[in-house]
Amino acid sequence: MAASAAAAPALNAAFERKPGWGAWLFMAPLLLWLVLFVVLPTLMLIMTSFVERDGLGRLVYNFTWENYVRAFDWKWLKILLISIWYAFLTTVICMVVGYPVAYFIGRSPDRFRTLLITLVMIPFWTSFLIRTYAWITILSRDGLLNSFLLSAAIIPEPLGMMYTPFAVVLGLVYAYLPFMILPIYTSVERLDGAMIEAAYDLGAGPVRAFSKVIIPLTRPGIVAGALLVFVPSIAMFAITTLMGGGSNPTIGEVIQKQFTSARNMPFGAALGTLLLVLFCLALWLTRARGREE
Amino acid sequence: MGASATSGLGTALARWRMPSGPQLQRIVFGGWTIFVFAFLYIPILILIIFSFNESRLNLQWVGFTTQWYEKLFNNAILVKAFKNSLIVATGATILSTVLGTIGAWMMYRYRFPMRNALNLLIFVPMVMPEILMGVSLLILFVNMHLQLGYTTMIIAHTTFCFPFVLVGVQARLEGIDPFLEEAAMDLGATPIQAFWKVIVPYLMPAIVAGALMSFTLSFDEYIVSLFTTGPDSQTLPLKVYGMARKGLDPQLNALSALFVLATITLVLFSQLTKKRT
Amino acid sequence: MKIKTHLLTTAAALAAGTLFLAGCGKPADAPTTTEAPAEATSTPTETAPAETAPATSTPDASPSAAGAVNDEPKQLNLFCWSEYVPQPVIDAFTERTGIKVNVQNYASNEEMLQKLLSGGGQYDLLQPSEYIVEAMIKEDMLRPLDLSLIPNIKNLAPDFRALDFDPGNKFSVPWMAGTVGIVVNVEQVTDPITGFADVFQEKYKGQIVVLDDAREIVSWAMAANGLPMNDITDENIEKIRPTLQSWLPLVKVYDSDSPKTAMINGDVSLGVVWSGEGALLLDQAPEKFKWVLPSEGTHLFVDSLVIPKTAAHPKNAEMFINFILEPEISAMISEDFPYLNPNAAARALLTPEQLANVASFPPDEVIAELQTFKDIGEQSSVVDDMITTIKIE
């Protein structure tokens with residue numbers, strides 16, 4: 001074992017070459033792109049958070065801390081916490097709802113697997129805005145669901161389901177569910193059938209076999225899915241505005257407002273920078289955890 | 001005859017056992033999957049059904065009509081927006097595929113000094129909240145005095161699409177035979193020829209998957225587009241959002257029905273081409 | 001190998017198809033067509049006569065305008081409110097002049113201003129409200145209008161030629177005016193509603209839709225507290241804070257784009273909305289909806305077309321302005337968006353029902369009493385913050 005482990009890096013090392021000028025040439029587009037369109041904009045965002053603006057909203061290039069002073073106010077932190085809470089709920093629901101589906105498809109016979117996973121992806125390929133719009137027509141007070149429930153005499157009066165936190169989370173879950181199912185499915189697909197059988201044969205009940213063996217084995221998929229759902233949904237605002245009606249603003253809506261109706265780009269940049277810092281922290285934490293294993 | 005029927009039933013009953021753990025789990029999970037599929041598809045089906053509804057409201061079935069499809073095809077704004085989406089998505093996909101594939105190969109093949117930093121940087125656009133990306137790119141474009149329009153849109157879309165191609169290709173590269181390239185070069189190919197004629201075909205599934213992903217992400221992108229569009233490059237999601245805010249419009253139903261149809265067609269197409277090879 | 005050939009052909013087809021489609025569409029602006037492979041090449045497929053005069057059949061066609069040579073590319077970038085410019089009007093303009101109109105929407109004046117100021121977008125026509133026109137004139141952001149190219153301006157009612165923020169229409173031509181008022185679903189709400197105090201009651205919690213416009217909301221609170229609505233000092237803001245704190249938790253939906261949607265869906269039964277939205281509801285179901293101007297006071301708004309200094313197609317813009325001042329065209333606008341039409345000649349073409357719609361056309365003596373918004377500069381940010389804060393309390 002040790003010998004082959006030592007051999008593997010040696011193999012790679014022999015294989016990898018030091019880049020010559022040709023290699024640098026071919027690498028240049030990617031490097032340029034990253035610097036120009038990833039690093040630079042981020043730096044500019046941070047820079048903008050430190051300047052002022054005039055009465056009309058134009059940038060005035062004087063250094064100031066006022067945007068950050070403003071940002072560290074309870075009201076924004078509260079909105080941020082609410083957004084994180086929504087994102088957390090969405091992630092958990094996606095996990096609970098999506099895992100069995102991903103597992104079932106991943107363990108299905110080959111010929112069904114591709115079909116089933118494609119069926120999962122098809123709604124994802126239909127514009128998320130249109131799908132959100134579908135839910136609006138279903139959940140409205142005069143909408144389909146209410147008509148159905150009323151005609152089946154399940155409820156005496158129409159339910160007000162739109163423009164509530166329930167509607168917001170529903171919209172988010174509906175949009176992000178495929179992002180959870182797909183990574184978990186990839187993990188499940190790679191599972192060794194023999195190992196799973198062994199887990200069940202070892203005498204532990206099916207539930208324990210599942211939770212103690214299989215779920216940990218699919219951990220990379222779960223973590224990837226959680227990341228792909230949690231992170232984007234914190235700052236999502238289109239779905240939350242459509243489903244939430246604007247009375248429960250998320251941090252995404254607030255930042256967007258700064259760049260439009262509030263005419264306060266520096267403050268928006270400050271909030272954005274803080275959000276960015278949070279994400280870097282979260283990313284770093286997940287990587288650090290991963291390295292411990 | 002009666003005797004054999006009852007004995008057949010008897011044997012079946014005798015043979016029936018409580019499903020084992022894994023089997024039970026399969027049944028439960030299978031049922032759950034059906035339920036989730038229903039959740040995913042019922043809204044879409046409703047959209048499609050009501051796209052043929054005579055009434056403007058998505059409430060009751062009034063009569064069959066294709067008028068909304070006609071209106072949709074004559075809706076100059078939406079048609080233009082669709083074309084814009086195609087232009088931007090295609091441009092972004094092509095750029096992303098090139099950047100992602102070559103980038104992944106270069107990083108695999110050569111020992112660049114800042115590899116870890118690169119990997120991290122590439123990861124950033126994948127998970128960065130779209131609003132931050134949109135806003136920071138807007139600030140960049142404004143400072144570069146670039147007119148907002150097709151170019152800025154394509155740049156913006158490429159930026160968050162290419163990591164998906166790159167990561168996908170990287171994953172595929174993990175399984176490659178390390179001596180494949182050398183074998184090709186031993187047979188007289190230059191590194192570029194070896195790459196194009198040997199490596200790329202091997203990477204094709206990942207490249208195709210990445211390209212499809214890029215196209216989908218770009219076509220459906222709303223938030224980044226919102227910040228980087230000019231007046232003449234408005235894409236479909238931007239217009240759809242405006243329409244969705246204004247309330248029910250069966251043209252949106254028709255549009256979504258067409259989307260689903262297009263997706264299913266593409267999927268069938270790709271399945272068929274797979275089978276031939 | 002077969003997959004590869006298949007894919008290359010598909011990719012080639014896609015690229016070719018895209019180039020073709022792009023060619024059929026708008027020619028991209030010169031500075032933006034650079035390295036992107038799928039970029040469109042400027043091939044306008046519409047051939048329009050070189051001299052396109054606003055050839056109207058009405059006696060208002062002026063010979064001087066017909067002679068003006070307009071050699072701008074046939075494009076117009078219109079940045080306007082959502083729900084304000086009817087598509088048939090745009091189509092009619094394109095048909096008559098061959099000029100393709102690109103439409104981008106905004107839902108608030110502040111949003112429009114911010115997009116304009118950040119300098120990225122290039123717009124030829126904007127549709128600001130009166131207080132923003134005031135600010136823009138002050139900051140020298142607008143291009144003076146060449147009224148000789150806009151002969152139809154004589155169709156405007158005299159009041160709208162002498163507005164205090166732009167007397168003589170040097171920079172702006174009024175598009176539509178209106179008020180903000182209360183619309184009531186009388187099937188759901190049986191009590192009499194006369195003003196804000198009646199709307200914002202505990203018993204209507206969760207049944208109200210209001211505009212998502214901080215300046216608007218603040219002005220209502222000021223009116224309810226007897227304060228002059230343009231007096232947005234820090235002091236007055238604190239005075240109205242308790243009012244807002246009692247009002248906002250009762251609101252279910254904030255929507256400036258299309259507040260009538262929530263009312264039609266039955267999700268809310270009371271709304272404080274633009275008069276045009278109210279008029280549309282009245283039109284749709286006159287027995288169901290009622291329009292009330294709040295007794296505490298409301299304001300008049302005048303939205304105008306202006307041309308920013310950075311416009312690339314100002315002559316096309318002036319043609320468009322002249323076009324919409326034609327009585328038939330203006331009547332078309334009223335058809336879709338029944339606001340207060342400033343075009344006297346157009347009003348003559350409206351039906352009695354339209355003129356009787358009390359949301360569109362308040363009585364003259366009421367209009368005379370109404371104030372308009374004035375520019376408040378940096379305070380707009382303070383106002384926006386306050387509303388956001390109270391929303392989440």
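How many residues of strand 1 of chain C are buried? Strand 1 spans residues 75-81 of chain C, and six of its seven residues are buried. The strand is mostly covered. Keep in mind that this is a predicted model.

**Strands of chain C**

Strand 1 of chain C has a partner. It pairs with strand 2 of chain C, residues 100-106. The two strands run in the parallel sense, and seven bridges link them. One place to look is C:Q75, which stands opposite C:K100 in strand 2 of chain C.

Now move along to strand 7 of chain C, residues 270-274. This strand is also mostly covered: five of its five residues are buried. Strand 7 of chain C is joined to strand 4 of chain C, residues 172-185, by five bridges, and these two run antiparallel. Within that pairing, find C:V183, whose bridge partner in strand 7 of chain C is C:G271. Strand 7 of chain C is joined to strand 5 of chain C as well. Strand 5 covers residues 208-210, and three bridges connect it to strand 7 of chain C in a parallel run. There, C:I208 has C:L270 as its bridge partner.

**Chains B and C in numbers**

Chain B holds 12 helices and zero strands. Read from the N terminus, its elements are α from start to end. Chain C holds 16 helices and nine strands.

| Chain | Length | Buried |
|---|---|---|
| Chain B | 277 residues | 46% of residues |
| Chain C | 393 residues | 53% of residues |

Contacts can also be sorted by distance along the sequence. Take the contacts in chain B with a separation of 6 or more: 77% of them are between residues 24 or more positions apart. For chain C, consider contacts between residues at least 6 apart in sequence. Of these, 74% join residues at least 24 apart.

**Two helices of chain B**

Helix 5 of chain B, residues 115-127, packs with helix 7 of chain B, residues 150-173. Their axes are 8 Å apart, and the angle is about 120 degrees. That angle makes helix 5 of chain B oblique to helix 7 of chain B. The crossing is left-handed.

Which residues meet here? Helix 5 of chain B brings B:I122, B:F123, B:P125 and B:M126. Helix 7 of chain B brings B:T159, B:F160, B:P163, B:F164 and B:L166. By class, this contact has eight nonpolar residues, one polar residue and no charged residues.

**Where chain A meets chain B**

The contact between these chains takes 65 residues from chain A and 60 residues from chain B. On the side of chain A that touches chain B, helix 2 of chain A, residues 21-48, gives the most, with 15 residues. By class, that side of chain A has 49 nonpolar, 11 polar and five charged residues.

**One residue of chain A**

Is A:D110 buried or exposed? A:D110 has 6 C-beta neighbours inside 10 Å, so it counts as exposed. A:D110 lies in helix 5 of chain A, residues 110-125.

Terms used
Residues are numbered from 1 along each chain as its sequence is written. Chains are lettered from A and ligands numbered from 1 in the order in which they are written. This is a predicted model: local features need pLDDT of at least 70, side-chain atom pairs count only at pLDDT 80 or more; totals for chains, interfaces and linings use all residues. Axes are lines fitted to C-alpha atoms, for helices over the stretch in contact, and angles run from 0 to 180 degrees between N-to-C directions. Helices (H or I, at least four residues) and strands (E, at least two) are DSSP runs, numbered from the N terminus. Angles under 35 degrees count as roughly parallel, over 145 as roughly antiparallel, 65 to 115 as roughly perpendicular and the rest as oblique. A crossing is left-handed if the near helix is turned anticlockwise from the far one by less than a right angle, and right-handed if clockwise. Two residues are in contact if their C-beta atoms, placed from the backbone, lie within 7 Å. Ala, Val, Leu, Ile, Met, Phe, Trp, Tyr, Cys and Pro count as nonpolar, Asp, Glu, Lys and Arg as charged, and the others, Gly among them, as polar. A residue is buried if 20 or more other C-beta atoms lie within 10 Å of its own, exposed if 12 or fewer, and partly exposed in between; C-beta atoms are placed from the backbone. Two strands pair if DSSP finds at least two bridges between them.
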